[in-house]
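Subject: The structure, and some notes on it

Hello,

Here is the structure I promised to pass on to you. My notes follow below it, so please have a look at both when you get a moment.

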Amino acid sequence: MIEFSAAEIAALTGGILVGAGATSITVTSAATDSRECVPGSLFVAKPGEESDGHLFLGAAFERGAVLALAEREVPRPDGTPFAAVVVPDAVLAMGELAAETVRRLRRNGEVTVVGITGSAGKTTTKDLLAGILSAEGPTVAPRGSYNGEVGVPLTVFEAGWDTRYLVIEMGATKPGHIAYLASLVQPDIGVVLGVGSAHAGEFGGVENIARAKGELFEALAPSGTAVINADDERVLAMQGRTRARTAFFTSSDDFTADADVVRARNSTTTADGNPSFLLVFPDGSEHDVVSPLLGLHHTANLLAAATVAYELGCAPERIASSLRAQSAASRWRMERTERPNGVTVINDAYNANPESMRAALRTLAELGRGHRRTWAVLGEMLELGDRSIEEHDLLGRVVVRLNISKLICVGPNTRALFNGAVLEGSWGSEAVHVDDVEAAERLLAAELEPGDIVLLKSSNGAGLRFLGDRVARALPARPAPAGSEGDAPDGPPGDTPDDAPADVTDGITDGITADVAADIAADGTAGVSADVPDHKNADFEAGSGPGASGKAQHP
């Protein structure tokens, strides 16, 4: 983080300095988790639904924090206040500080900012791009999925005076979120990967999702570049929403444009499920790429990263070489583990929507290819709104059509998923519904055999990623409480029961944050032109140990 004095922070945010000696303080890092504070840290204290950062000022200062960005004064044991800049809204103040950070970096260096959004693939794409660019110059990219109104400023704060590339992942659950995040960092290049039905319940439909994702292209200056997925018709339609020049990526030989096009030819997967294709650049060079990633759907992410890198002037051969070498850098994204007993575990349970579920299931089916037994352990897809029951029902039918050997539907709100599989022709023990993760774990422990492939996938809040970790390590299953057996049809499919899942909102599970479910505020804040999210009801990632505090990001 570049240095800021407490007085500068107060002036930027309109805050009030409190605490003895506050005017002489300079900060050199920032954290929203007291456990991550180091000497010289600015600790951002934000009240969330699960935790209140103000309760952890003492712990933060013990670890080296010298200043807080807070919404109220907090007294020390002696009654005097901790040194702080007190503001009406700590998250908006973070945004103001992040925006000024980017402005100063631009004035004093050659930083290039890349914004990435889309309904799926954001984290994988930013990891791939960061991997390419890190060989070209100092590069900063988000940790994990830091992509919201807290995560984006935290990523910006990682940048220093020597940063050449700043890669920003942008998530949203409401119109206006992307516009707000883009107003903070003013990206030079914007990428929209795709438009799917993730958060359709929050947005009010897929078309509203498309409008929201396109806010990134609208934010680009004429000197910028919009990188467009030509294989997604909704993204392709966004080219009319930008003043910037355009560049495209596609797996089709039929698409043409009067602009740069990066293309994948002969796209397929290897016997191990790895994407394989001929990467063709606008300069005519061709490069064979076999990626260590798992699943054909990653081809689009690989192409997106390659296109941005090419537009930034990276040599095609270096781009291709990097893509050949990079495996998954973030956890729970098609994370493959080979157990010593021959069981393959694929943990893709960080997030889920209908499109990503189908992609993962296709990969599972391809890996089985008739000679290995395949298991799909699926939890709920959250935030689908009125389409929740229908989408879960359709997914159950897809499982059967793909000839997945075994389906375990986990949780009370996966009844429609189970029923869809049964109505499509699954019977006997091919499809099972269980009430919770523990029951699924016991079933897997009892029935997995050498050679089996098991996929675990769900929305973040369903918690299947932790089950995936346990299954990958072959940990002993927890004992069953009395009367906790799962349901399986005894014969041919019957009528759908009445207890279909209700619509739910993603919640916090085991310390992992949920999606922000908030309205857009009617007014902006100083120095920010876009409407800003009303994040007062945002879920924060609450730590569980002593001195833990809250932090949040959009999954």
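To start with a definition: I call a residue buried when its relative accessible area is under 20%, exposed when it is over 50%, and partly exposed in between (1.4 Å probe, protein chains only). This is a predicted model, where local features need pLDDT of at least 70 and side-chain atom pairs count only at pLDDT 80 or more, while totals for chains, interfaces and linings use all residues. Residues are numbered from 1 along each chain as its sequence is written, and side-chain values use heavy atoms, with hydrogens and water left out.

With that in place, Thr32 is buried, because its relative accessible area is 4%. Thr32 sits in the loop between strand S4 (29-31) and strand S5 (41-44); helices (H or I, at least four residues) and strands (E, at least two) are DSSP runs, numbered from the N terminus.

Now the charged pairs. The whole structure holds 29 salt bridges, each being a side-chain nitrogen of Lys or Arg within 4 Å of a carboxyl oxygen of Asp or Glu. Arg245 takes part in two that I liked. One is with Asp260, at 3.6 Å from N to O; it links strand S13 (residues 245-250), which holds Arg245, to strand S14 (residues 260-269), which holds Asp260, 15 residues apart. The other is with Glu311, where the closest N and O atoms are 2.6 Å apart. Glu311 lies in helix H11 (residues 298-311), so this pair ties together parts that are 66 residues apart in sequence. Glu311 counts as buried at 18% relative accessibility, whereas Arg245 is partly exposed at 38%.

Salt bridges also link Glu8, Glu100, Arg103, Arg104 and Arg107 into a network.

Best wishes
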